[in-house]
Every structure is written in C-alpha cells, then in structure tokens.
Amino acid sequence: MPDVDKGTVRITDIGPPNYENFLPPIIKKNYGKWLYHEILKPGVMVHVSETKDKLYTVRVGSTRIVSSDFVRDISNLADKYCNGYLRFTTRNNLEFLLDKEENIEPLIKEVQALGFPVGGMDHSLGNIVHTQGWLHCHTSASDASGVVKALMDEFYDYFVGDKLPAKVRMAFACCLNMCGSVGASDIAIVGMHRRPPTVMADRVKDLCEIPSTIAACPVDAVRPKTINGKPSVEIDEDRCVFCGNCYTVCPALPIADPLNDGLAIFVGGKVANARTKPTFSKLAVPWLPNNPPRWPEVIEAVRTILEAYKDGARRGERVSEWIERIGWPKFFKITGFEFTKYHIDDFRLGEATMNYSNYARL
Amino acid sequence: MAGTKHKTPLLDDLKEGKWPSFVKELERAAQKSPRTDDLIGLLEKSYRDHIPHWKHGGMAGVKGYGAGIVGRFSDSPEDFPGTQEYHTARINQIEGFFYTSDVLRKLADICDEHAGGLFNFHGSTGDIQILGFKQKEAEELFQKCAQLGFDLGGSGSALRTPSCCVGPARCEWANYDTLHVTDNLTREFQNEMHRPTFNYKFKIKCAGCPNDCIASGARSDLSIVGVWKDNIRIDQDQVAEYAKKFDIKKYVVDKCPTHCMDYTDDKLTIDDSNCVKCMHCINSMPKALRPGLQKGAQIRIGAKVPMVQGPRLGFILVPFYDINKDKEEDYTFLKDLIQKIWDFWDEYGTSRERIGELIQRVGVGNFLEAIELEPLPEMVEHPRANPFIKFEEYLVADEEEESKEG
C-alpha cells in the first residue's frame, strides 16, 4: 500500500525470501539427489549425491538468543569456509556446509576458538530447545536460557561426544504454553505454577472480559462473583490446576509466585516414528524449586536420569524404549524419584493410563 | 570490554562454564544498546525475585497487520527505563533455515539500528526474532526488513509461520519437497498469517519423512509428513558391508515394529506390504536402504500443547496422497483440505479452541463428514470398544410408515 505522506510504496504481504536464492550452489546442484550420509565423527557428517558430489556438515551448538555481533562472527566464518552460506537447525544449532573436506578441521578450530562446541549428532545429547523464560515472557514460571546454560555446562561432554545409548532430546518450556515441542522429548523440563492465581478484584472488570476468562478454565474453577460491588471472578482453589490459562486471557489474575513457581521433569517422549510410535513425555518429578543461577536440584535430577539411562539402556534404545522395557516401577526404583499421587493422571481421560492387567515385575 | 552498568552477581555466574553463555551474548549486545543493558538488569532482578518482570498486555504492531509483533513492557521501567518497551518482531525464516552471510549481516545492521541488537535464531515456531524495539520504531524496522525481502510472521489468533525440515536440500530421506510446500503455503495464506481472524493459533509444519525432525506431529495442528508407498530399495552389497560392522539381526531386523524383515544367508528381505514406514532400518543402514519410489505425504491433524484442554498428538487424517503430483497442480488438494478445515473451525470452534480440541468435542466422525473425508481404519489405534453408538438412522416397519403418511 503506498504511503502517501512519504511518497514511498509500503511493502506488505511479500512472504519469506525465496529460499532458492539462499541455497549453496552444491545444494542447488544436488537438490533431491542425495543418496546417503555418514557421520564421520561427532558433529561432522557427509552427504553423498547421485552426482558423486560430497557435502560436509559441521554442526555447532549455539545459545538461541544471540547478539548481532555473533551473527557477524558466524557470517565471517561462512565467508571464509562456506562461500558465504550457512544454515540453522530446528534445535538452534548452526550448520556450516562445506564442499571441501580439507576445510573441516580449520573451521572446527576457529569455531572452538570462539567458544562454540561441535557436536549434537548421533548418540549425543542434542542442543536443548527452549523458550524465553524470565528474560522476555510474562507467563514464565522460570528462566529458560539460565537453566539450559546450567544443564549444558554440566552435560557438555554428552553434546560433543556420542557415548549415549541413543540420541537424547532434551527440551525446556517455562510454562504450560510449552512453546515448541517440549512435551514429546526424552527429557522435558517444564515451568510449573503451584498456587492459584491472585484475583485483583477491583481490576478484573477493567482489564478482562469476564465470560472469556471463565471459559478459559479447563476445570471450571473460575466463577463470576461481585466483589465490593464490582463484577469480578473467584477461583475455586480445590479445582484449580495452576495451568495459567485464565491469566493468559485476564491480566488481573497474576499467577507468578516466587515461592511456588518451579520446574517439573517429564521423561520418555519422542516425535520420531522409528521402532515405536511418537509419544508424550511422562511425569518423573512433579516439582523442583527455582534456584538460580544454576538450578542444582534440576541438574541433579537430570543427571540421575541420564546416568540410569546410560547404565541401563541397550544400544539404540531411546529413553522411552528403555523405560518401556524395564517398566515404570523399576524406573522409579533405579532413579530414587518418589512415586506420588501426582504421578497418577486424574485429568480428562487420565483413567486410560491405569494398568488394567496383572502385569507387574515383582 | 564486556560488562554491564548493573550489578549482576547471579548472571555473572552463567558467564562461566564450557557451553556458550547467553549472558555474554546479552552483554555483547548491551555494548551497543543501552536498552539491552537494562534488559540484563531486569533479568538479574528476576533471578533475585524468582518471578518474571514483564507486564501482561499492552499492544504493539504495524499498520494493517494484527500479528507479527509481540509487545513486551517491563513492570520496572523506573529502574530499567530501556525495558519500558522491548518488543519482539517475528520475521519469516528462510525455508530450511538457509542464509547467506550477506543477508545475515544486513539483518544484524537492522537489529542494531532499530532494536536491541538481540536475535533468536530461531523462535520455537521457526521465525527469526528481533528483540528490543519500541512501538515508534516498529514501522521502520518492519519496512527495512521488507526491503531486504523479509515479511513478518504470525502471532495471536492467526496462522503461524509454517516451517519445515531441511528436506531435499540436504537429506536423502525427503519424500517430498518440504521447502517448496512450506514456501508455497506461506505465500498462499499471507492474509491468514498477518490478520488474525481465527479462534486461536494454527500451525502447519512439513517433515520430509517419519523421523519428523521438525517435530510436526507433536506441535502442529496440521502436520505433513513425507512417506513412500512401495518397496524399500535394498542394496545387498551395502547390507553386507554393514554386516561387518554390527549384528543386523539384533539391531535392525529384531527391532522392526511389524517384524516384516528377515536376514538369512546374508540376504535382507522385507515384506513391504506389512511395513509401517517407521524408518528404523533405513536410519540404521542409510547406505544400504532407501525409501521407495512412490513418494508422497501423510497428513496428521490436531497436535497441540497443554493450553487449553490438555496436550494432544496429531492423528492420521490422510494416510497417503501424492503430494508430488499435487505440486504440479499448485497444491490444490492440500489447500482445499486446509480451507475446509478452517471453514469448519470457523463455523463451530469457540474462542481459544484449537482444531484438535474442537474435533475432540464434536467427534472425529462428524469432523470427517464436514471436511468430506471418508473414515479409514488407518486413522484409529483400534475400533471402538464401547457400544454407545450414536446411530443416525433406523428402520421403521411398513405400517408405521403408512400411518405417518396417513
């Protein structure tokens, strides 16, 4: 639409840049012609084409939130080694695409000199996909980048190596909005609230649409109530499951709570169809405290899971397959995590998760 | 010289350690951007207080669009004035996340000039996110990006920017052109992405094979997954090579979920009629096994996160269709199907009800009728066990019929 005031044409609705203009020439030439790939060492693989061309990929872990100078740094590397092309992965890694094998080691040296790890392939711990957290979100029950940094520092060797039984996909979401595919990961860490929202009674009428606030609750815990002569709502504390849906539609129902916001850990989810069907992660630890800057309780719980998995799983078994084979009771026994009434699903269709048999490993 | 004017003992701890530090990234950006310096101060405050310091609500956007800009207003502007407004722009990623250094540098310049010098590469849905601008800067930021060829992505009750795996650009397992479909749908549905008219968000993701590297089946309302129909291609010489490296029976054959493989006398055979295309054998021996030649896509529907009525995975809506032929027809089948789904959602969905929740509420059978798809056994884990069937027809005796007419 033309901007008459400035005498310029305003650009709208153009969609994304055409991807074809951003593919390296070797990819353009071999688009759809790839025959197979091999992992040469952790973080490095080669794809071989029908045309006999070989494309080398070096995968580099990054922080997801990055500065403009980081973007310039990686652009310089791309210029030096990759004819000015590079890509990102769905897990916030960088991938440098090389058509010359001899460039692999010099590139890796420079990447590592900048402080960035090469890895995240094959039987490794992938980069943790995560959300915004306290850094930039109002509904967060925890920080995201901080917990992820603390975890990846601790389990760094699993990223740069390939010594796990199979790939482990870890993900972090700072609230139940679960931006990203967090809930179907080998290990999912989720920000949890634990107390009902506070009703700012005198502000509900001005800030919120009361019917949609009531409709937002999945358990009918929000009800209309006149307070001090003003239309407002009340929360049935016995029903509330602390999901934060009502706060999402009504700013006068803040749910953040410094004492009670924390983190839950779910395990054994996957999105791939290989061998077993995609499945959600299941609850291992219902709540751990927010303890910045290093969240030691979360680190310990994840360490417990990773070590038990490493010791117990057979080669090629994802976390879900390992637990399926040994059974959940044994998972709780090995890890020492307490099994509580919170672990038994009492939400809609939750009853379907009961064990309707005599099957038990006694 | 890194550092911040704020005292940040908690965040300083996260500058240590082997993994790259996001705090260092924040500080690098803060060197050029005082408002990002205040962002660091605000985050340190959250680390002390254990709660977020962003206000709920407040509008930000650009003229003519209702989506693409996410307003962020801090609750502590007096202490951290730079964070009073610190908005996010969702910018369409390039399909497959491919970039050139040239375009990245230009984005970096825009981000320094018009925002806080901070990016997410990428946000969870797939967009590039530029962080840290004020409402009054939004239009210029948007137009600078547009001049570079980048449009805004979706947010709120709109179509979210579709995204895809690396596809045929660098993967031998892509059964269709994920980049092309994603690009095509994104262009087709510009209005649905920029101007929210839906009940809630709608996500489309394109995966080239059932490994689903874009996690479409767990988080996109419409998940398009590449698959083949005919026989897995076997190179017996390469199978023999793998046999030297590991026990094929133990690690491949015995792990097949439908036991449709056999390895005897150094020969691998597959009963492809019983193969569910799980990818395990192909993943294990990429040099020896390849997907078949009759390639196409499956469509799954209804995946979502816990909000509002609980999490759901997507179920099969279309077990197989020839998306490669549909490509020649500009994806007519796919676009018609999407339009029918949206029409139904528009007609019957309630506020903040995702398509998966609506289907649950009205029943899959009714949904299928509305979008004119036949029920298929591939859609279910098993047929119903409970007998409470809502029959929609019954027979009447002849005399009854007559007396009614009489």
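**Exercise 1. In which sense do strand β7 and strand β8 of chain B pair, and over how many bridges?**

*Solution.* Strands β7 (residues 204-207) and β8 (residues 222-228) of chain B pair in the parallel sense, and four bridges join them. The model examined here is a predicted one. As an example of a bridge, B:Ala207 has B:Val225 in β8(B) as its partner. In general, the strands of a sheet pair through backbone hydrogen bonds, in either the parallel or the antiparallel sense.

**Exercise 2. Describe the interface of domain 2 and domain 3 within chain A.**

*Solution.* Step 1: identify the domains. The assignment for chain A gives domain 1 (19-114), domain 2 (125-194 + 258-353) and domain 3 (201-249). Between the C-alpha centres of domain 2 and domain 3 of chain A there are 31 Å.

Step 1: count the residues. Eight residues of domain 2 of chain A touch six residues of domain 3 of chain A.

Step 2: state the area. The two domains of chain A bury about 580 Å² between them, and 62% of this lies on carbon and sulfur atoms. On the side of domain 2 of chain A, the residues that lose the most area are A:Leu176, A:His193 and A:Phe347, together 48% of what that side buries.

Step 3: examine the polar links. Zero salt bridges are found across this interface of domain 2 and domain 3 of chain A, and one residue pair is in polar contact. By class, the touching side of domain 2 of chain A has two nonpolar, four polar and two charged residues.

**Exercise 3. Describe the contact of chain B with chain A.**

*Solution.* Step 1: count the residues. Chain B contributes 117 residues and chain A contributes 119 residues.

Step 1: state the area. Together the chains bury about 10500 Å², of which 58% is on carbon and sulfur atoms. B:Trp19, B:His56 and B:Arg170 supply 10% of the area that chain B buries against chain A, more than any other three residues.

Step 2: count the polar links. There are 12 salt bridges between chain B and chain A. One is formed by A:Asp73 with B:Arg28, whose closest N and O atoms are 2.8 Å apart. The residue pairs in polar contact between the chains number 65.

Step 3: characterise the side of chain B that touches chain A. Its largest share, seven residues, comes from helix α4 (residues 101-114) of chain B. By class, this side of chain B has 53 nonpolar, 32 polar and 32 charged residues.

Step 4: look for strand pairing between the chains. Strand β6 (residues 65-67) of chain A pairs with strand β4 (residues 118-120) of chain B in the antiparallel sense, over three bridges. Here A:Ser67 stands opposite B:Leu118 in β4(B).

Notes
Residues are numbered from 1 along each chain as its sequence is written. Chains are lettered from A and ligands numbered from 1 in the order in which they are written. This is a predicted model: local features need pLDDT of at least 70, side-chain atom pairs count only at pLDDT 80 or more; totals for chains, interfaces and linings use all residues. Side-chain values use heavy atoms; hydrogens and water are left out. Contact means heavy atoms within 4.5 Å. Buried area is the accessible area (1.4 Å probe) that two parts lose on being put together, summed over both. A salt bridge is a side-chain nitrogen of Lys or Arg within 4 Å of a carboxyl oxygen of Asp or Glu. A polar contact is a pair of N or O atoms within 3.5 Å; within protein, one must be able to donate a hydrogen and the other to accept it, and residues adjacent in sequence count only if both atoms are side-chain atoms. Helices (H or I, at least four residues) and strands (E, at least two) are DSSP runs, numbered from the N terminus. Ala, Val, Leu, Ile, Met, Phe, Trp, Tyr, Cys and Pro count as nonpolar, Asp, Glu, Lys and Arg as charged, and the others, Gly among them, as polar. Two strands pair if DSSP finds at least two bridges between them. Domain bounds come from an automatic or database domain assignment.
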